[in-house]
Structures are given as structure tokens and as C-alpha cells.
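Thanks for asking me to look this one over. My notes are below, as numbered points you can read beside the model.

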Amino acid sequence: MDRRLGATDIRVFVGILIGLVIVIAVVAVIRLDTTGEKGSGLGTDFEYNLEQLGKIDPNLILFEESAKPIDTGFETTHAISIDSHGAIYVAGDKVVRVFNDGGKLLNTIELPEAPMALTVETIASEDSKSENLKIYVAMKDHVEIYNGDGKSLASWKSLGDKAILTSIAVSENNVFIADAGNRIVWCYDTTGKIINRIGRKEEDRNIPGFVIPSPYFDLAVGRDGLLRVVNPGIHHIEAYTFEGDLEFAWGEFSTGVKGFCGCCNPVNFAILGGPDPAGADDSFVTCEKGLTRVKIYDPEGSFVGVVAGPEQLVEGGKVETCDTPEECHLGGFDVAVDSAGRVFVLDTIKNIVRIFSRIEDPS
Amino acid sequence: MTNFRHITVTVVFVLILCSIGSAGAIRFPPPEFESGYELPDTTVPNPRPGIYDYIDTIVLVLALGLSSYLVLKKRSRKAIFALTVFSLIYFGFYRRGCVCSIGAIQNIVLSFFDPGYAVPFVVLLFFLLPLVFTVFFGRTFCAAVCPLGAIQDVVLLRPFSVPSWLENGLRLLAYVYLGAAVLFAATGSAFIICRYDPFVSFFRLSGNVNVLILGVCFLIVGMFIGRPYCRFFCPYGVILRQLSRISKWRVTITPDECIKCRLCEDSCPFGAVKKPVEQWPAKEYDRSKKRLALLIVLLPILIFFGGWAGYGLRTTTAKVHATVRLAERVRLEETGKVEGTTDASDAFRSTGTETSELYDDASNIRARFGLGGWIFGGFVGFVIGMKLIGVSIWRKRTDYEADRASCLACGRCFEYCPREHLRRKKDSTSQNITAEESDKAEFKSGGGR
Amino acid sequence: MTVNSDSTSRISGAANQWYASAVSTAIVGAVFSLIILVLLVSNFIRSSVIQAQREQELINQKVEIQNRPGDEQLLERIRRLDLQYRQNLFRNLDFMRKGAYLLLGSVVITLIGFKGASSLKKRMPTLQPAADRLTEQVCDAKFSRLAVTAGIVVLGFGALLLAVRPEIAFFETIQLDTSIPSPEQISKNWPRFRGPEGLGISAYTNVPDHWDVKTGEGILWKTEVPLAGMNSPVVWEDRVFLSGGDPNSLEVYCFDAFDGRLLWTGSVGRLSMRNDNESLDVMEDTGYAAPTVATDGRRIYAIFATGVVGSFDFDGNKIWEKDLGMPDNMYGYACSLAMFENLLLIQNDQGYVEDEKSVFIALESFSGRTIWQAKRPVASSWTSPIVAQIDGRYQLITCSNPLVIAYNPADGTELWRADCLGADVAPSPIYANGLVFVIEPHMNTLAIRPDGSGDVTETHIAYKIDFAPDICSPVSNGEMLFLLSTDGLLCCYKTEDGTKLWEKEMGEYFQSSPSVVGDKLYLLSEEGVMFIAEVEPEYKEVAKIALGEKCFASPAFADGRIYIRGRKNLYCIGN
Amino acid sequence: MAEKSKPSPDRRQFLAEAFRYAALGTLGVIGGAAFAKRYRMVQDGKCVDSGLCKECGLFEKCYKPQVWQIDPYKCIACGNCATYCVLEESAVKCVQVYPVCGYCKICFGFFEPEPHDINEGAENQLCPTGAIKRTYIEDPYYEYTIDESLCIGCGKCVKGCNTFGNGSFFLQVRHDRCLNCNECAIAAACPSGAFVRVPADRPYLLKEVEHA
């Protein structure tokens with residue numbers, strides 16, 4: 001008899017236990033997150049956050065976006081250049097497109113392959129009445145030259161598979177080509193003959209050699225007749241004579257706004273006024289990837305101010321790092337300046353050209 | 001689950017190609033080192049060779065065969081238990097609960113709906129073999145091969161019988177679960193059987209905390225209620241039930257004839273022992289006839305309403321599909337109904353795809369869930385209807401027998417049958433073993449329960 | 001076993017020892033696994049708490065080191081902390097793994113114990129007193145039915161709970177207003193190029209005839225238009241519409257008629273430059289937005305030089321957009337839009353006759369669906385079609401080189417055609433005093449009787465006037481027809497027979513078309529000088545007001561107001 | 001229904017027999033269909049042209065085991081890999097593909113965005129578990145190596161390397177650890193759908209491979 005009682009007791013006890021357990025189980029199932037909505041649950045130490053570094057003190061910003069961005073209509077863009085008349089040349093896909101600053105398409109030059117860089121030279125003809133354009137387009141391994149109407153004038157011979165040309169500059173009789181693949185600057189004459197190699201590592205001439213971790217390697221010729229070359233790996237902009245002697249270098253690493261951030265920056269730069277004497281102050285406009293910043297340095301390389309930071313260059317002013325690798329790898333913007341001192345930033349992700357001009361009185 | 005559920009090689013390859021396209025940056029050479037530094041290679045440890053899958057298949061066949069033999073010919077609970085433990089160790093702890101016949105349902109279904117997906121050979125076998133065996137020998141797969149069944153069987157300590165009405169009610173869950181699993185697999189949304197597999201995390205000795213808790217709960221219940229998962233949830237079990245109804249050979253409590261000693265009445269922890277059934281009392285009989293007619297009429301109605309309900313659920317069920325979730329999130333962000341973005345929406349935007357494309361995809365998927373909902377709901381309605389009919393007809397039964405559908409062929413009841421003991425005595429004496437030993441043997445063989 | 005109880009009793013002693021040991025094993029195992037479980041859980045909690053603290057501290061210190069560079073102790077602390085942190089991370093993982101194995105082992109032991117025990121301690125099969133099996137069966141069946149029914153209820157309820165969640169719609173459906181404006185409404189407004197019927201005639205007589213830009217007298221407001229365009233303003237009740245474009249964007253503007261506020265800007269897809277043969281080079285004097293927009297008081301419709309047509313509702317929501325393809329047009333596309341009931345009428349003349357590109361398209365106003373299309377054996381033209389009600393039936397009259405074609409605007413069937421034009425046709429046709437007046441630039445002006453059918457070239461041309469403007473469209477007040485040439489020669493003819501009444505040298509250049517308001521004639525010169533004149537019996541200047549801004553668009557007249565689009569600004573002039 | 005409707009034993013047997021064959025038939029059809037599908041896919045060239053197994057026979061082509069892997073170009077290094085894996089210590093780890101690496105002196109996969117100083121001090125290291133080793137090769141180049149025993153696959157360094165560098169760090173499923181679940185728990189939780197199945201004989205999607 002008591003045994004039956006005991007049995008009933010057990011039944012009750014077990015019943016309660018099971019009920020309890022079922023409740024727990026249901027809760028567990030409900031709490032189970034298989035879709036990643038709750039996030040990784042990793043601590044703050046595991047977050048990679050550039051929010052703070054991306055912010056730039058508004059007092060440092062000397063420029064403002066002065067016109068609607070130009071939609072280039074490209075799928076990929078590589079380089080931007082501006083001729084002495086202010087026409088904007090954008091190289092992308094397999095085309096060079098020429099716009100006026102209103103964004104009107106003036107001209108199109110079909111290319112045999114994808115361009116890497118370009119520059120435009122204006123040559124006054126003998127009678128100096130008319131003048132004609134020479135457009136130098138650097139492909140991956142060689143240079144093509146076109147006139148203003150897009151007629152091919154010359155195609156120089158390839159520098160080999162290893163070559164990855166990333167920038168080109170012209171000064172009277174010299175054409176300088178930055179070759180990131182061989183990590184060297186080629187100096188051509190205008191007929192396409194190689195007359196010099198600049199920047200190879202040489203201890204006795206204390207030339208450090210170019211340290212180029214990624215295909216960003218820019219150069220330009222200053223009005224002082226010195227060739228300026230970026231040495232991104234050591235965050236320098238170096239000044240060479242056309243003979244290839246390193247005169248001086250400036251630039252320092254810093255994630256802060258005054259220096260160049262990242263492992264290899266700046267990716268591109270332009271010299272205000274450039275070869276054109278009018279209204280130039282010879283200061284540098286540099287462009288960094290990673291933390292996308294366009295900044296101004298004076299000729300001696302001391303920080304002057306900011307043209308645009310991540311907040312200006314990203315829609316909605318949201319400071320963010322790129323998500324997918326593809327975004328990141330396209331992240332190297334290009335800059336150009338016109339004789340009026342406006343800065344043109346080629347956004348290689350959205351494939352648009354943003355136009356910045358100085359704020360009248362930066363209060 | 002090794003090489004379970006292929007997506008075709010092409011799909012992968014296309015993905016790779018896309019990624020090349022999207023790569024953007026050109027391959028850039030590493031620096032030339034003057035110190036003669038050599039670029040190391042990235043280590044690429046290989047996965048478990050595919051050949052093992054075929055070993056698994058062989059083991060499965062052997063286990064099934066052996067189990068069938070032990071249940072039907074040898075009628076030895078101890079041996080069955082031993083095999084159970086083996087299966088638990090091999091398919092469970094060694095193979096980490098994968099390959100798994102239960103999960104295989106989803107792969108089969110997906111392979112019929114996803115043009116880019118063909119089910120691997122091994123998975124196909126793991127799905128089919130137990131079914132084929134069941135058609136001939138009853139649920140011998142459940143008895144001693146399925147690791148999920150095994151782990152529940154070994155923890156079963158003090159079984160309490162579940163009243164048959166409750167059992168009938170709870171069993172509906174399994175059908176719903178099966179329906180849902182098929183629905184989500186067919187729409188390529190998720191493999192819920194794997195997501196909510198309560199025991200796999202034991203086999204792996206790690207896993208999501210919530211799943212672990214769920215598993216523990218099942219085991220605790222399993223100590224007092226025989227194999228709760230198998231009886232009330234297992235989607236594969238649902239199929240096996242139906243097949244074992246028509247199996248060629250079947251588990252019988254008694255080796256020869258039933259003497260109605262009632263000893264086996266509560267021998268079965270799974271409530272599969274059916275008592276003899278008397279005639280209906282006359283008045284009950286008439287009423288039940290009417291009722292039956294009514295229920296048969298009711299069946300199509302249930303099916304329709306089931307389908308209708310399933311259709312009504314489409315927006316909810318569609319949320320299980322990642323694309324729909326993403327689309328809804330993006331939509332909410334676009335319309336400013338929610339603040340901020342999620343990783344998913346950021347990732348989506350960084351691909352530069354048009355939102356309209358995403359929305360189109362999502363609404364197509366919803367539409368598919370609409371149709372699927374009709375079928376799913378209809379199925380559930382049908383099941384319920386049939387169950388109602390099933391519980392209101394009954395067949396005269398004279399003997400104690402194991403219910404074909406719900407008998408898991410564990411062989412516990414054998415020990416309770418005096419006829420069985422006689423049989424064994426005969427065998428043992430024929431093998432001239434002394435009565436005493438044989439008694440010991442019998443005694444021990446009371447175990448396993 | 002139950003059958004021969006004596007055997008049980010015989011070995012029960014031995015069994016009891018076994019049983020005792022089994023039970024003790026089970027208990028030991030259970031206790032052990034319990035301990036491990038507790039350890040695991042506690043360790044899990046403890047570590048997660050401590051780790052969190054460490055992590056936070058670490059981060060703080062890393063921040064601090066930025067402010068105190070070169071603080072060696074701090075550096076030391078950070079490094080030590082970091083090490084602890086990381087060691088702990090992996091120690092926990094390791095502990096967890098080992099713990100899991102131990103737990104498994106102990107659980108197995110427990111189970112073996114219990115199993116052994118339960119298998120040794122036989123419980124005799126308990127035989128309940130045989131209950132009344134019949135009732136038992138009946139109850140069982142009944143309960144089962146109830147249980148299943150309960151299942152239905154539960155499932156149904158669950159489904160309901162899930163289903164009530166609100167659906168997130170991916171595409172919102174805007175209620176389309178498919179009604180069409182009444183003729184009265186249309187005549188009260190200025191819904192298209194050159195007014196209600198495109199004849200340049202205003203229904204109002206209270207339009208101002210004097211104002212002064214310098215003093216600002218009569219200038220109600222002046223608003224700068226973001227993007228340039230040659231098109232004329234269009235007015236519906238309290239809204240003024242314009243379009244403008246540049247290579248980057250093609251836009252539609254909606255201004256508030258009272259204060260000139262720009263209420264909204266709608267933008268249609270600019271032409272893509274992806275494939276370069278499509279790139280467009282427009283001429284200065286057509287631009288990207290030469291065609292004037294049209295409205296039916298429900299929506300606003302605009303077409304641009306790139307062949308893109310867009311429709312917006314009055315709140316600026318885009319209703320539809322359609323790309324008719326880049327028009328092949330030497331000066332740039334300039335035909336303004338016309339409307340008939342729920343149809344948007346587009347004269348899309350392209351190329352030369354032999355190109356067979358020209359087509360007339362009628363789109364459903366609210367959906368953008370093409371209702372009818374008529375191929376036209378004509379070359380590019382720059383005229384705007386008109387819809388005139390001519391003895392009871394509507395005629396859609398189009399001018400091009402070389403044909404004048406009248407269609408039934410409802411279905412596009414051709415009513416009649418006349419082969420009488422040539423060169424680059426820019427002036428639009430008008431209908432006055434039972435005649436259709438069409439212009440062959442620089443050559444002559446023709447009056448056609450619109451009651452014919454088929455080719456009426458020989459039969460229905462009433463008379464020719466050997467004077468013809470080249471850009472400005474004609475205007476008529478019924479009995480008089482006024483023709484204004486670009487270089488400023490204004491001629492007046494009798495509409496019955498085309499006899500010349502008078503002519504006047506205006507001494508200005510004209511791009512915009514003349515308009516008739518009441519008994520006055522309004523002429524707006526290129527330099528932005530508005531001439532207001534009475535015309536009977538002779539040209540009599542009422543006013544001559546300089547706007548001080550170049551004007552190419554024709555002005556729009558509303559109740560007591562004039563809207564003038566200058567090169568840059570939109571002016572509203574009123575009393 | 002009881003007595004009268006009750007079929008005689010042999011009739012019932014016959015019925016059972018019929019049902020059995022029907023069931024077997026159905027199973028046969030299912031199996032056949034599932035099996036035939038692979039042939040269809042061979043005909044469609046879905047398997048053949050994959051180029052993954054040129055010379056091997058139909059079996060290898062279409063029946064090749066497949067395993068989970070991360071498409072590095074879709075991965076956004078959200079960190080879910082570290083915690084959603086069914087394994088306590090995730091099967092996903094960061095890998096370094098040396099030919100893509102720039103061997104930078106200042107590597108943003110290694111250093112904090114604002115390093116206090118350019119050295120291996122813990123205060124400068126980005127990796128919370130210190131799983132990256134930085135070794136000097138020659139001026140100005142440094143080698144960066146992942147210590148997989150320490151890496152938990154959080155992807156913090158991947159973000160840094162992608163943003164500033166060449167992206168030579170990225171996450172991959174390590175198949176010596178992966179259980180290759182039927183439905184990968186991480187794949188289900190992956191916000192960017194970066195998880196794909198790849199043939200088991202080509203179980204990795206290393207960047208350099210696609211770049212070439």
C-alpha cells in the first residue's frame with residue numbers, strides 16, 4: 001500500500017521536474033540566436049574603430065565643396081588631370097573623358113587598354129597663335145600619347161610585365177614615369193627614349209630607394225625644377241633633381257591630422273599652381289587612403305590645413321572604414337588642381353569628381 | 001557533416017570569378033629582398049578525406065543488418081543494447097553526430113528544389129537505407145543504430161508511461177516539425193533539424209549554450225519518459241512509423257503464441273504494447289460510425305484551413321530566409337523606421353547592388369513561402385484529420401502485440417514474456433547448459449532497462 | 001524471471017552486493033559530475049566577468065598611454081595586464097575542454113551505475129487489477145480525440161500569434177489619381193506651352209500691363225532657377241512648374257505661385273555615358289531642357305533633350321519615368337508636351353525622312369504606359385503639337401518637314417495630311433477662325449481647312465501668305481493673325497483671306513512666341529523687353545517694359561499675373 | 001467497422017504486400033531522381049566545366065565532397081566567426097598570404113591605429129590575443145605571421161589590413177579543425193553571405209590564387 005503511495009509521490013515529483021525542464025527548454029530555444037542578429041558578442045577590445053581618428057577639427061578645414069560633383073559615368077576610374085584651360089581629364093575603364101568644370105562632356109578618347117595615369121601638356125605652336133594639347137596616358141606597362149582630338153601620336157615601347165606605371169609627369173623635354181612594379185622613376189625624353197632612372201637605392205648618394213607596398217606611387221614636377229616623388233612606405237615626399245640626386249625629403253608618419261597615416265601614404269599628390277605660374281603658391285595637396293584625407297602642406301612640407309576629410313568625402317558625413325576588400329582596394333583617390341587653385345578630388349569608389357575651393361575667410 | 005549538401009562546383013566557381021572581378025586592385029609584387037628572404041607558403045591543412053564517408057556507409061549497413069538480426073531472430077535485449085552503445089560511440093561521439101539520416105531529409109528536399117544542388121551519394125544512402133530496412137524489418141534503425149535514439153535510450157532510467165491520449169496529441173508535433181523542416185529546406189532558408197538538434201552538441205562536446213541546455217533538458221526528461229525526441233519530435237521517425245506499418249517482418253512480444261498473462265502490459269517504456277481490444281458496445285458502435293462519417297467529411301475542410309493558415313504565415317515564415325531578413329532590414333532603414341545600420345545592411349550596400357533587386361528577390365521568396373505555406377498547412381491539416389479518424393476507428397485485437405508504428409524494436413518486452421523464457425530454456429538445454437546458469441543468464445538478461 | 005521466484009531468491013544475496021556497489025558507483029559518479037558541472041559554470045561566469053574588467057582596464061590604459069608617452073611603469077602594467085588577459089582567455093578554453101571530457105566520463109559512470117542497479121533490482125511487473133477494459137478503451141479513444149482537437153486549437157492559436165506580425169512592404173503603392181481635368185479647369189490655368197490649347201491666348205483680361213523692375217513695382221517675386229532651360233513656365237492654380245538641365249542632372253522644379261519658394265525639385269535619370277556613342281552634345285540655343293513641361297493638375301510631365309520622360313505628383317514624388325532613347329536631332333530635341341484627357345502626347349520627330357525614325361507617342365498620363373504610336377514619314381522638327389476642338393471632334397495637329405498631319409488624339413488614327421512644309425520647322429501650328437495655320441520658316445504661312453480627310457494638299461489649302469517667321473509661333477485673336485519674325489518684323493493679316501492689314505518693325509530680336517491677352521498683344525523680346533500693344537485698327541504700343549534679363553521662353557499668363565522665365569530667374573508680375 | 005469490414009488475413013497480407021512494393025517504388029523514385037539529378041547537372045556542364053577536375057571521371061566531377069569556406073572578397077570581418085562556430089575555439093582563423101603582403105614597417109594589421117611607438121610592445125599591438133608575430137627581415141621590411149594556436153578569428157587585423165594595406169590578412173576556415181556541419185552555424189550567422197561550399201580537394205580561397 002505505502003509502496004503505491006511512494007509511487008504516486010515519485011510521479012508527482014517527476015511531473016513537476018519535467019514541467020520545469022520543459023519550461024527551461026522552451027526558454028533556451030527562444031533565446032537561441034542562429035542568425036547572427038545578436039552580433040559576435042566580442043568585447044570592445046575586438047572592435048576596429050576609426051570613428052575618432054576620422055573626425056577632423058573644423059577649424060583646420062580650409063576648403064569647401066564649391067560645385068556639384070561631376071558624375072564621370074565610369075565603372076572604374078584611375079586618374080585625373082587638368083589642362084591649363086581648366087578642362088578636366090578623367091581616365092577610367094578604357095577611355096579618357098574630358099569634362100568642363102560644369103560636368104559637360106567635352107571629348108572622349110578611346111584607349112586600347114585600361115589607363116593607369118595621365119597628364120596633359122599644352123604646347124604653344126610655333127606662331128604661338130594656336131596651341132595644341134599632348135595627352136600622355138600611362139597604361140600598365142607603357143605610355144600612349146594622344147593629341148587634343150584623341151588622335152594617337154605615339155605609343156612608347158613596353159617596360160616589361162613587371163612594370164606597373166602609376167603616375168606620369170611632363171616638364172619641357174623630360175617625361176617622368178613612376179613605375180611601382182620596378183619601384184623606380186623612369187626619365188624619358190619626349191621622343192620616348194629612356195635617359196635616366198631615378199630613385200634606385202644607393203647608400204653613397206643616400207637614396208633610400210622607394211618602399212612601395214601597394215600600387216600607389218605618384219610624382220610631379222615642381223616649378224622649382226625639382227621632381228617630387230612620393231615614397232609611401234616611409235611616408236616621405238622626396239625632391240630629386242632631373243639627374244636623380246635626392247635634394248631633400250619631408251613627411252612623417254602619424255595617424256594624427258598633421259602626418260601621413262597608414263602603412264603607405266600619401267597615395268597621390270598635386271602641386272598647387274603646378275607648372276603654371278599664375279596664382280600658384282607651390283604648396284602640396286596630398287591624398288591619403290585608409291583614412292581618406294586630402295590635405296595641404298606648404299613647400300617646406302609643414303602642415304597647412306585640410307581640404308577634405310572622411311566626413312566631407314563620404315555621403316552623410318559618416319566616418320567609416322571600408323567593409324569589403326573591393327571597397328578598400330579602390331580607396332586610393334586622386335587629386336588635381338587647376339590654375340584657380342581649386343582642388344579636384346577623383347572619388348575612385350563612386351567614380352565622381354568633387355570640386356573644392358578655398359573658403360573666403362576661414363573663420 | 002563531411003561533404004554534406006553540395007552546392008554545385010559551378011556556383012562556387014562563379015562566386016570565385018565574381019570575386020576576381022570585384023577584386024579591383026591588381027596583383028602587386030612583394031618587395032625584392034636583398035637578404036635572400038624566401039616567401040613562406042600559407043599552410044592549407046586538408047579536410048578529412050572523402051573515403052571515410054563510404055566507410056561510414058558500410059558501418060551503417062552492417063549496423064542496420066545486425067540490429068535487424070538481433071531484434072527479429074536473436075531476440076536479445078542485451079545484444080541490442082550493446083549495439084546501441086556502439087552506435088552511440090561511432091555515429092555519435094566518433095563521427096560527431098554527422099552523417100545523420102534525420103538531417104538527410106533536408107538535403108534530399110533541397111536537391112529537388114535548388115537546381116544548383118545535388119545531394120551527395122553518401123547522404124542519399126544514409127537517407128534511403130534505414131527506410132528500406134524499415135520496410136522489411138520495422139524500425140530497427142531506431143532500435144540500435146540512430147545515435148540520437150541511442151543517447152536517449154542509455155539515459156532512460158525509470159520510465160513512466162505516458163497516457164495514450166497524451167501521446168496521440170504530442171505526436172502531432174513531429175509531423176509539424178517534419179513539415180516545417182521540408183518547407184524551410186525547400187525554400188533554401190535553413191536546415192532547422194540541424195539548428196535545433198538537441199544532442200549533436202553532446203557528441204561534439206561543445207556548442208551553443210542554448211542548444212546544450214536544450215539537450216540537457218531532453219536527457220533529463222528522457223530519464224523518465226522513454227525517448228521523448230524520437231516519439232514526439234523526430235521528423236524521420238514520422239516517415240519510419242508509416243513504413244514500419246507495412247514492414248514484412250515485425251517485432252512480436254512473444255516468440256510464438258500469446259497466453260494473455262498481461263505480464264508485458266507495462267513493459268514498454270514507449271507505450272507501444274497494445275492490449276487486446278474488445279468489441280465496441282452496441283451504442284458506442286453506432287455513434288462511432290456516425291462520428292467517422294463526420295470526420296471523413298471534416299478531413300478536406302481541415303486540409304483547406306490548414307493550408308490557408310500556412311499561407312497566412314508566409315511573411316513570418318519568410319523571415320527565416322536570410323535574404324528576406326536583409327531586405328526587410330534595408331527597407332526599414334531606407335524608410336527611416338529604424339536608426340542605424342547592421343553589419344548585414346552595410347555589407348549589402350558595400351556591394352553596390354540596387355535595393356530594388358534585393359526587394360524583388362525578397363518578394364519572390366515570400367511568394368514561394370506563400371505556396372509552400374499552402375502545402376505545409378494542408379499537410380498538417382491532413383495529418384490531424386487522419387489522426388482523428390485513426391483514433392475513432394478500432395480493430396478487434398485478441399493478443400498483446402507491439403504496435404507496428406510506434407514500436408522502436410528495443411526488445412525490452414521480450415524479457416517479460418513467459419513464452420520467451422521457455423524458448424530460451426529450450427535453446428539453452430538443447431545446448432545442454434545447466435538450468436542454474438541459464439537462470440543466471442535470464443536474470444541478467446532482465447537488464448537493459 | 002518472475003515465473004520461477006525460487007531462482008531469484010537463490011542468487012538474491014549475491015545480487016544485493018552487486019546492487020549496493022552499483023548504486024554507490026552511481027552516486028559517486030553523480031556527485032562527481034555535479035561538482036564538475038558547478039566548477040565549469042562558475043569558471044565560465046567568473047572568467048567572463050573578470051575578462052570583461054581586464055579588457056576595459058586594458059583599453060583605458062592604452063588610451064592613457066597616448067597622453068603619457070614614455071611612462072615606463074604604465075607600459076609595464078599594460079604589458080603584464082595584456083599577458084594575463086590573453087593567458088586567461090586560453091586557459092578558460094582549455095579548462096572548458098577538459099571539463100567537458102571529465103563531465104562526459106563521470107556521467108557515463110553514473111549511468112552505468114544506475115543501469116546496473118536497476119537491472120539488478122528487479123521490480124516485478126506490477127499487475128493492476130484488470131480494470132473494466134471496455135470503458136477504458138472508450139475513454140481512451142475519447143481522450144485521444146480531445147487531445148488531438150486540443151492540438152488543433154494550440155496550432156491554430158500559435159499560427160495566429162505568428163501571423164499577426166505586421167508585414168514589411170517592400171514597394172509602397174501610391175494611390176493614382178486617374179481623373180482628368182475639366183475643360184473649365186484647363187482654360188483657367190496655363191497647363192502647357194502657350195497656354196490652355198497651345199494657341200498663346202489667355203482667358204484672363206486682368207493681366208498687368210505696367211510694371212517696373214528697377215523700382216520693383218509690380219514684381220511680386222523673383223526666384224533664381226537652379227538649372228538653365230529654354231522651356232516656358234507652366235501654371236496650375238498655386239503652382240508654377242519649370243524644368244532645367246545640365247550634363248549632370250535633369251530636373252523639374254515646382255515653385256509656390258504666391259512667394260516663389262522652390263517647393264520641390266524632381267530629378268530624372270541623366271543620360272548614362274557608359275557607352276559613348278550615346279553621349280549627347282547639345283547646342284546652346286536648345287540645351288538639355290528645351291521642351292516645356294505639361295500638367296493635368298494631378299501630375300507634372302517633363303521631357304528632356306536626352307529622350308527621358310518623367311512624371312511627378314504635385315508633392316514631387318516620381319510616379320514614373322521612361323526613356324524613349326536618345327533623339328537623333330541635329331539642334332537638340334525641343335518639341336513641348338501636349339495633353340488630351342488622360343494621354344500625354346509626345347511628338348518625337350527624328351533624323352531625316354528616309355531614316356523613318358519619327359514617331360508620335362501617346363502615353364497614359366498616370367502609368368506611363370504607351371497607349372498608341374504612329375510612325376511619321378517626316379524629318380526632325382521643333383514644333384509643339386496642339387489639340388483643337390474642330391466642329392465637334394478633337395484633332396491633334398502636328399507640323400513637320402514635309403507633312404502637316406492631323407490625328408485623332410484618342411487612338412492615333414490619321415485624319416488628314418498636307419504635304420506643304422520644308423526645311424527646319426520650328427513654329428508651332430495654331431487653329432483660329434476655322435483654319436489651321438502652319439508655317440514653313442522663311443517661306444510662307446499656310447491656312448488649311450481642317451475638314452478634309454486623306455491627303456488634302458491639293459484640296460484644302462485655303463491660301464498662302466508669302467511671309468513666315470522662323471522660330472516664333474503665330475498667334476491669332478480670331479479675325480487677325482499675327483506673325484513675328486526673329487528679327488522683329490510683326491505682320492498682321494486677316495484670317496479669312498490672308499490680306500495684310502499692317503506691319504511693324506519692332507527693332508528687337510525675338511525668340512519667344514507672341515501671346516494675345518484680351519484685346520492686347522504681348523511680345524517678349526530676346527533682350528527681355530515686353531511690348532504690350534493694342535492691335536486695332538493699327539499697332540498701338542501700350543507699354544514697353546525692359547526686364548533687364550535675356551528671355552527665350554514664352555511668358556505664362558494667369559489670373560492677374562504674368563510669369564516670365566529669364567535666362568537665370570523666374571519672375572512673377574502682378575498687381 | 002470492426003467485424004464485418006475486417007479483411008481476411010490473406011487479403012490483408014496481399015494489401016500489405018502491395019503497399020510495401022509501392023513504398024519501395026517510391027523510395028526508388030526518390031533515390032533515382034536525386035541520383036539522376038547529378039547526371040542532368042553533368043549534361044548541363046554544371047560539373048564538367050567547373051575546371052576543378054579536368055581529367056577525373058564523372059564521379060569525381062559531380063560527386064566531389066564539398067566543404068565550407070569563406071570568400072575573402074565578401075567577408076567583412078564582422079567577428080561572428082569567432083563566436084558562432086560550434087567549436088569552442090572557432091575553426092575560422094586569420095591567414096597571411098605572403099605574396100600579397102607589403103611587408104610594411106608600420107603594418108596596420110599589427111599596430112593599433114594610433115601606436116604609442118613602433119615596436120612589438122603589447123600596448124601597440126592590435127590583435128587582442130597577440131596572435132601576430134612581427135619579425136625583422138631587412139630595412140625597411142618586416143614579416144608578419146599568424147600564430148594559429150592564438151588566433152580566434154575575430155578579424156580585427158583583417159579590417160586594419162584591408163583599410164590601410166593590401167589585405168593580405170583575411171579569414172579562412174581551417175579544415176584541420178572544421179567539422180563541416182551540414183549547415184555551418186557561422187554561415188547561418190554570416191551577415192555578408194561570405195560562406196560558400198568549395199570542392200574538398202580545393203578547400204581554400206586564398207587571395208593570391210584569384211589574383212594571378
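**Notes on the predicted model**

1. Let's begin with chain C. Its radius of gyration is 44 Å, whereas a compact globule of 575 residues would have one near 25 Å. That radius is taken over C-alpha atoms, and the globule rule is 2.2 Å times the number of residues to the power 0.38. Along the principal axes, the C-alpha atoms of chain C fill a box of roughly 145 × 85 × 50 Å.

2. A word on ground rules before going further. This is a predicted model, in which local features need pLDDT of at least 70 and side-chain atom pairs count only at pLDDT 80 or more, while totals for chains, interfaces and linings use all residues; side-chain values use heavy atoms, with hydrogens and water left out. Residues are numbered from 1 along each chain as its sequence is written, and chains are lettered from A and ligands numbered from 1 in the order in which they are written.

3. Staying with chain C, the domain assignment gives domain 1 (5-123), domain 2 (130-166) and domain 3 (184-574); such bounds come from an automatic or database domain assignment. The C-alpha centres of domain 2 and domain 3 of chain C are 77 Å apart. The secondary structure of chain C comes to 4 helices and 34 strands, taken as DSSP runs numbered from the N terminus (helices H or I, at least four residues; strands E, at least two).

4. Chain A is divided as well, into domain 1 (1-33) and domain 2 (52-358). Taken over C-alpha atoms, the centres of these two domains of chain A are separated by 75 Å.

5. How much area do chain A and chain B bury between them? The figure is about 2,700 Å², with 69% of it on carbon and sulfur atoms; buried area is the accessible area (1.4 Å probe) that two parts lose on being put together, summed over both. In chain A, the residues that lose the most area to chain B are A:L32, A:R183 and A:E326, together 19% of what that side buries. Contact (heavy atoms within 4.5 Å) links 32 residues of chain A with 29 residues of chain B.

6. Between chain A and chain B there are 2 salt bridges, each a side-chain nitrogen of Lys or Arg within 4 Å of a carboxyl oxygen of Asp or Glu. A:E37 and B:R325 meet in a salt bridge through their side chains, at 3.9 Å from N to O. As for the chain A side, α1 (2-31) and α4 (325-329) each supply at least two of the residues that touch chain B. Helix α1 of chain A gives the most, with 11 residues. By class, this side has 16 nonpolar, 6 polar and 10 charged residues; Ala, Val, Leu, Ile, Met, Phe, Trp, Tyr, Cys and Pro count as nonpolar, Asp, Glu, Lys and Arg as charged, and the others, Gly among them, as polar.

7. Over all chains, the structure holds 64 salt bridges. In the one between C:K98 and C:D94, the closest N and O atoms are 2.5 Å apart. Both residues lie in helix α2 (residues 72-120) of chain C, 4 residues apart, about one turn of the helix.

8. Finally, some backbone spots to look at. Most residues other than glycine have a negative phi, and most peptide bonds are trans. The bond from A:N265 to A:P266 is cis, with omega near -5°, and A:P266 is in the loop between β18 (246-250) and β19 (268-271) of chain A. The bond from B:C98 to B:V99 is also cis, with omega near -10°; B:V99 is in the loop between α3 (77-94) and α4 (101-113) of chain B. B:R75 is not a glycine, yet has a positive phi of about 50°.
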